[in-house]
Amino acid sequence: MTKGLLISFEGPDGAGKTTVLERVLPSLQADLTANVLATREPGGIEIAERIREVILDVKHTRMDNKTELLLYMAARRQHMVEKIMPALTEGSLVLVDRFIDSSMAYQGYGRGLNKSAITWLNAYVTDERQPDLTLYFDVPAEVGLERITRNKKREINRLDLEELDMHQRVRQGYQELAQQNPERIRCIDATQPLDSVVTEVVEQILLLVKDS
Ligand code: TMP
């Protein structure tokens, strides 16, 4: 692999993408010669983790939707500049838990904010660097929310507390994004047993690395 590759993991809350990422990381690190780095949004570095705390604090019920969007974008910008771009320049394989499609699915489809503005902001903060591959973990909103309530170890954040119809709009948003970007976004059925999902994800990533 001569250049870095960026792979984003996307999906509604409770789709299991974080668990899958944790499971695939050691096997990729063992199989690949390139450095493999896992990170997340919002977060991944100190400034963005602090922005994350502000966005997701359950006490912040008065947060305006555009303020929320801009905070996600600010966190993304800092994360790009401080961590993702340097790692890609060094030739690393970067796995990011949520990225540009989360803003479109949650703030665009979920909150109903202007989609052209989100497309523009995403391009602006990433200097137009798109993921080389996006793995979209598809699960019905009800199943995702049920998993979150069962998973006692997971923090419940401000967005988890949104009504079911917001989560349904988010899923519909992801499905439309997958249809609009078939070369970049691969849809994975996240209702399958975890082991099958992990196997499929490792295969997809190794395929991309081999072709690059
Ligand atoms: P996480 O639970 O996957 O760590 O993500 C935190 C929450 O932030 C999740 O509910 C999705 C939401 N989110 C957005 O609404 N917009 C974004 O741009 C990102 C990155 C996350």
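**Pockets and ligand site**

Guide: The lining of the second largest pocket takes at least two residues from each of α4, α5 (115-126) and α7 (164-180). The model is predicted, so local features require pLDDT of at least 70 and side-chain atom pairs pLDDT 80 or more, whereas totals for chains, interfaces and linings use all residues. Residues are numbered from 1 along each chain as its sequence is written, and side-chain values use heavy atoms, without hydrogens or water. Helices are DSSP runs of H or I with at least four residues, strands are runs of E with at least two, and both are numbered from the N terminus.

A pocket is found on a 1 Å grid over the protein atoms alone, as an open set of points where a 1.4 Å probe fits, with protein on both sides within 12 Å along at least five of seven lines; lining residues have an atom within 4 Å of a point. In the second largest pocket, α5 makes the largest contribution, with five residues. Its lining comprises 16 residues, and Ile 100, Met 104, Thr 119, Asn 122 and Gln 130 are nearest the centre. The space there is about 290 Å³, a volume being what is filled by probe spheres set on points joined across faces, edges and corners.

The largest pocket holds about 930 Å³ of space. It is lined by 39 residues, with Gly 14, Gly 16, Lys 17, Thr 18 and Arg 154 closest to its centre. Two or more lining residues come from each of α1 (17-31), α2, α3, α4, α6 (141-150) and α8 (194-211), and α1 has the largest share, five.

The ligand sits in this largest pocket, in the sense that more than half of its atoms lie within 2 Å of the grid points. To the shell around the ligand, α2 (46-56), α3 (65-89) and α4 (100-110) give two or more residues each, the largest share being the four from α4. The shell has 16 residues, the closest being Asp 13, Tyr 72, Arg 98, Ser 103 and Gln 107; a residue counts if one of its heavy atoms lies within 4 Å.

Ligand oxygen atoms lie 2.9 Å from a polar side-chain atom of Asp 13, 3.1 Å from a side-chain N or O atom of Lys 17 and 3.1 Å from one of Arg 76. The protein buries 96% of the 480 Å² that the ligand exposes when taken alone, by the Shrake-Rupley method with a 1.4 Å probe.

Conventions: Polar contact = N/O pair within 3.5 Å; in protein donor to acceptor, adjacent residues only side chain to side chain.
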